[in-house]
Number of protein chains: 2
Amino acid sequence: MELRSFIPAYYRLAEDLKTRIESGELKPGDIIPSETQLATQYGISRMTVRNGLSLLSKAGYITSFQGKGCFVAAPQMDRMYFYFSEHTLLGENKKLESRLLTVDVLAADPKTAVKLQVPADSRIVQIRRVLSDVDGPVALDHRVLPYIKGAPLLEKEIEYAAFPELVSRHTELASARNNISVQACVLMKEEAKLLKSKVGFPALCIEQIIYSRDDRPLGWSKMICRGDRFALKAVSEPYSERL
Amino acid sequence: MELRSFIPAYYRLAEDLKTRIESGELKPGDIIPSETQLATQYGISRMTVRNGLSLLSKAGYITSFQGKGCFVAAPQMDRMYFYFSEHTLLGENKKLESRLLTVDVLAADPKTAVKLQVPADSRIVQIRRVLSDVDGPVALDHRVLPYIKGAPLLEKEIEYAAFPELVSRHTELASARNNISVQACVLMKEEAKLLKSKVGFPALCIEQIIYSRDDRPLGWSKMICRGDRFALKAVSEPYSERL
DNA sequence: GAGTGGTCTAGACCACACA
DNA sequence: GTGTGGTCTAGACCACTCC
């Protein structure tokens, strides 16, 4: 009964190995001691060792091969990720203000109908907003949802909810997937005016489609972001920071 | 000894629950049967149940709380990821051809020196390429590495290696992190010429910095991608497909 | 055949939540 | 107090790899 050790044995093992990997003592490709060796070294049972190794494996530090051993993994540097939510578009600190332009229920034009996979003239809800920070407008937001009778949209939701949430609540269908496409474009006349920029200036066009579990599009959104005010930042996940 | 069941018990349990979650029978927020219940239901030991649940937890389907139970998790739709490698820029099928423009060893200009955190006039290696598919040029690539005496770059590597790999091999330091920034820009004169496009046309500027474990920049790259030929696509990771 | 990881058991005690 | 998940044990047999 050791009072000084609040950390579980498997966790201690994982942190030890993690440190040895991060320090460079154990390099990618190196084999790590076998489970039985680690068990005797640490004076713990093999299942506990496996628990610890499972942590490291989950976090991407090691990979194991049956019959061969457990090896230090090379960090994956081509898998990039980012958080896409208008609240964190510019970083954690910078807040975006939302100003509602229009909310309309109208017939879907052909292009929108294709995106949402609905009949060509069925009714849709269209929301248009301007997002700004203290230095002025940053992005133009255009959201489209299928119109659902008896499913009112709350003004608060319309103005402040993240798109996936909005879609989920509106359709009452659990949305399951979010696809984003980022393209370069230049500002058109109306866009430039609303963004207080100039025609022909570069901008990012970020399209977002929310899908249901059975792959039906539940919502489509297009954001036009001023190129001089916004950059999308992604980082690789070499190893999970947390074990 | 059952010959018909090649799949392990824990895996069968995990797939069962996964199916029940994906079908909507178990909704986000719902509690799943306790470990002891599952153990008796499936006629397996509790540790085996835990093994199965750990899979589901790893894949993002469930979250467990000590003393409370195990609950179906809501898919995270704001965490987006994509693979960034010039070989898969346009999708799995489309191959990009690389044409080398220049390889130079020269003194770092102030801007580059800042990016690489090296002295202002220290020597750097600069590589410039054009990437094309069958329909013509797609992107312009500009890579910068610190010059290291006695570390020759192989021509094959220069032309075909992914940037993180190139950096790793060149510096002989395990690179650990990759940061990417995506911005909108318009084509300048020389860029337009090389990409067979026109000045002022929209383009994506993708900057990449590879860091070592101790957060020193090991390489910097800038890609200019024709806006009409390229879109960056990212998807959310609601649940891992594979268990 | 010896060593590796993968699966599995039948117990145990603990920390925690809730009533 | 009862039930939950979290940790841990000391075994066991298996599939696999390599010699």
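Select B:R129 and B:S98 to begin: their side chains make a polar contact of 3.2 Å (a polar contact is a pair of N or O atoms within 3.5 Å; within protein, one must be able to donate a hydrogen and the other to accept it, and residues adjacent in sequence count only if both atoms are side-chain atoms). B:R129 belongs to strand β6 (residues 123-133) of chain B; helices (H or I, at least four residues) and strands (E, at least two) are DSSP runs, numbered from the N terminus. Is B:R129 buried or exposed? With a relative accessible area of 0%, B:R129 is buried (buried means under 20% relative accessible area, exposed over 50%, partly exposed in between, with a 1.4 Å probe and protein chains only).

The model is predicted, so local features need pLDDT of at least 70 and side-chain atom pairs count only at pLDDT 80 or more, whereas totals for chains, interfaces and linings use all residues. Residues are numbered from 1 along each chain as its sequence is written, chains are lettered from A and ligands numbered from 1 in the order in which they are written, and side-chain values use heavy atoms, with hydrogens and water left out.

**DNA strand C**

Select DNA strand C next, together with the 25 residues around it; a residue is near a strand if one of its heavy atoms lies within 4 Å of it. Which of these residues come nearest? They are A:R46, B:A9, B:Y10, B:S45 and B:T48. Of the atoms of DNA strand C within 4 Å of the protein, sugar or phosphate supplies 69%, and bases supply the rest.

A polar side-chain atom of B:T48 is 2.6 Å from a phosphate oxygen of DNA strand C. For a base, select B:Q66, which places a polar side-chain atom 3.0 Å from a base nitrogen of DNA strand C. Colouring by element shows that α2 (35-42), α3, β2 and β3 of chain A, with α1 (9-22) and α3 of chain B, each give two or more residues to this surface. By class, the surface has 8 nonpolar, 11 polar and 6 charged residues; Ala, Val, Leu, Ile, Met, Phe, Trp, Tyr, Cys and Pro count as nonpolar, Asp, Glu, Lys and Arg as charged, and the others, Gly among them, as polar.

**DNA strand D**

Turn to DNA strand D, which is surrounded by 25 residues, the closest being A:A9, A:Y10, A:S45, A:T48 and B:R46. Sugar and phosphate make up 70% of the atoms of DNA strand D that come within 4 Å of the protein.

Select A:T48: an N or O atom in its side chain is 2.5 Å from a phosphate oxygen of DNA strand D. On chain B, a backbone N or O atom of B:E35 lies 2.8 Å from a phosphate oxygen of DNA strand D. B:G67 also uses a backbone N or O atom, here 3.0 Å from a base nitrogen of DNA strand D. The elements giving two or more residues to this surface are α1 (9-22) and α3 (46-58) of chain A, together with α2 (35-42), α3 (46-58), β2 (62-65) and β3 (69-72) of chain B. The residues near DNA strand D comprise 8 nonpolar, 11 polar and 6 charged.

**Sheets and domains**

Show chain A as a cartoon and find the open sheet of 3 strands, antiparallel and in the order β1-β3-β2. Its edge strands, β1 (31-32) and β2 (62-65), each pair on one side only. Two strands pair if DSSP finds at least two bridges between them; β2(A) and β3 (residues 69-72) of chain A are joined over 4 bridges in the antiparallel sense. Select A:I62 to find its bridge partner in β3(A), A:V72.

In chain B, 3 strands likewise form an open antiparallel sheet in the order β1-β3-β2. There, B:I62 stands opposite B:V72 in β3(B).

Return to the whole of chain A, which is divided into domain 1 (9-72) and domain 2 (81-226); the bounds come from an automatic or database domain assignment. The C-alpha centres of these two domains lie 45 Å apart.

**Cysteines**

How many disulfides does the structure hold? Over all chains there are 0 (a disulfide is a pair of cysteine sulfur atoms within 2.5 Å). Select B:C185 and B:C205: the sulfur of B:C185 has its closest cysteine sulfur in B:C205, at 5.1 Å, which is too far for a bond. B:C185 is buried at 17% relative accessibility. Finish at B:C70, also buried, with a relative accessible area of 9%.
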